[in-house]
Amino acid sequence: MVQVKLFRAFALALGLTLTAGGAALRAQSEPAKDSSAPIKKLEFQGADIRSVIYFLADYGVVNVVVAPNVSGTVTISVRNVTWQEGLDIVAQTYGLTVVYEAAKYIRVLRSDDYRTETTAEDKFQLEKQALSTLETKIIRIGNSKAVDVSVAVKGLLTERGKVTADPSTNSVILQESHDNLERIAKYIAELDAPAKQIKISAQMVEVSSNYLSELGTRLGFQSANTSGNSTFLNQAGSNDSIGARVEDIFGQYSLQVLGSNWSVDGLVSAIIGEGKGKVVAHPEITTVVNKEARIQMGQKIPIKQFDQSGNVTTHFEEVGTILRVTPHVTRENRVLMSLRPERSFAEISPAGVIINTNNAETNIVVDNGQTAVIGGLTTEDEVESEVGVPILKDIPLLGAAFKYKKKSKQARDLIIFVTPTIVPDGLASNN
């Protein structure tokens, strides 16, 4: 017996041929400096599977325990594999499972026995949880809504576990087994991390449509459907008459990102200085990431409708300029904005109140502090002007014969400059 062990150790050390029970085991490799070096050629022909496992474990300098019912012979030939790869190949080929235990040794057993073992362990843990006493823990939420957090962690609870949100204290009440309670508490701490805040600065400038074409050429709006930083999208228009909405694509609006060499304030000042437009509004609003910021400037129009019972009900429809912005912060610390600009106005008709709406929806990514420009939200105003012969038209009474009133339609466009800025964490915590 001692001679067999010495011969086996000698053969393994030199990578020579080992004969066991008439079967040949041959492994060829150069002497390795460390166990992670690959084996150039590993060839087993009718070798005892237990001897193969011991050989690979000795090469890897690891402790191994082989289940008593593991038996059979191995015939494979592979090249340039590590001892772990060789062991995995043998295990997968011959229905075995290699288990790397925490105590720094490996177990090799039949795969069906391993499945039975894990199933029994899972069943035991479930029975243990069913018999364990539930613990209660109250976790105060500081940066989110307790209702949202409770919904997010419901899928982590066991069958007996419960989670309840208390809106009055913005707290989450957990009832769960001790082990799972601590795990869920860690998830809640991660979910309740402070959210980044984004300041949305918008400047709304109204200009004539003719000047918008000139300005668009200067900024690159009119270069192509998609060119450089400019993108053109269809603009949806709709008529809302007594609640019936009909939508039609009637125009385009342009979306542009200003380069670093452009100043928004300077550009707006230039437009106003040339007398080509006016600033309608300059709102600023701060929101958290993934939450919509809404800027509205206009009126609420009362509209009467009949309900199913025939009663007259009144609801209010918002008209004017509305900008909805939902910001997201990317991994590169850039800002992805979901933009929904809308411009609407109401007019009276024999059928009732008609609300004409121009709206669009798009997404754009800009750098922190960079400005996106939305142009092309068009409205038409009917302008009445007096035309006549100079001097004569101003003569009292007689002047009426030398003048007349002319009605014309004037198209105006709204340009919206949207600048998102990520609020530094230090400033956000002081607000």
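Three strands form an open sheet in the order E8-E10-E9, paired antiparallel. Strands E8 (135–140) and E9 (162–166) stand at the edges with a single partner strand each, so one side of each has no neighbour in the sheet. On average, neighbouring strands are turned by 15 degrees against each other, direction ignored. The model is predicted.

**Strand pairing**
- Six bridges join E8 to strand E10 (residues 171–176) in the antiparallel sense.
- Isoleucine 138 has isoleucine 173 of E10 standing opposite.

**Helices on the sheet**
- Helix H6 (residues 178–191) packs on the sheet and touches E8 and E10. The direction of H6 makes about 155 degrees with that of E10.
- Lying across E9 and E10 is helix H5 (residues 146–153), which runs at about 170 degrees to E9.

**Helix H2**
- The twelve residues of helix H2 (residues 49–60) reach 17 Å from the first C-alpha to the last, close to the 16 Å expected at 1.5 Å a residue.
- At the start of H2, the backbone nitrogen of arginine 50 has a side-chain oxygen of aspartate 48 within 3.2 Å.
- Nine of the twelve residues of H2 are buried, which leaves the helix mostly covered. The buried residues are Ile49, Ser51, Val52, Ile53, Phe55, Leu56, Ala57, Tyr59 and Gly60.
- Valine 61 follows H2 and has a positive phi, near 55 degrees.

Technical notes. Residues numbered from 1 in each chain as written. Predicted model: local features only at pLDDT ≥ 70, side-chain atom pairs only at ≥ 80, totals over all residues. Heavy atoms only, no water. Pairing = 2+ DSSP bridges. Helix = DSSP H or I, 4+ residues; strand = E, 2+ residues; numbered from the N terminus. Axes fitted to C-alpha atoms, helices over the stretch in contact; angles between N-to-C directions. Contact = heavy atoms within 4.5 Å. Expected span 1.5 Å × (residues − 1). Buried < 20%, exposed > 50% of the residue type's maximum accessible area, 1.4 Å probe, protein only. Polar contact = N/O pair within 3.5 Å; in protein donor to acceptor, adjacent residues only side chain to side chain.
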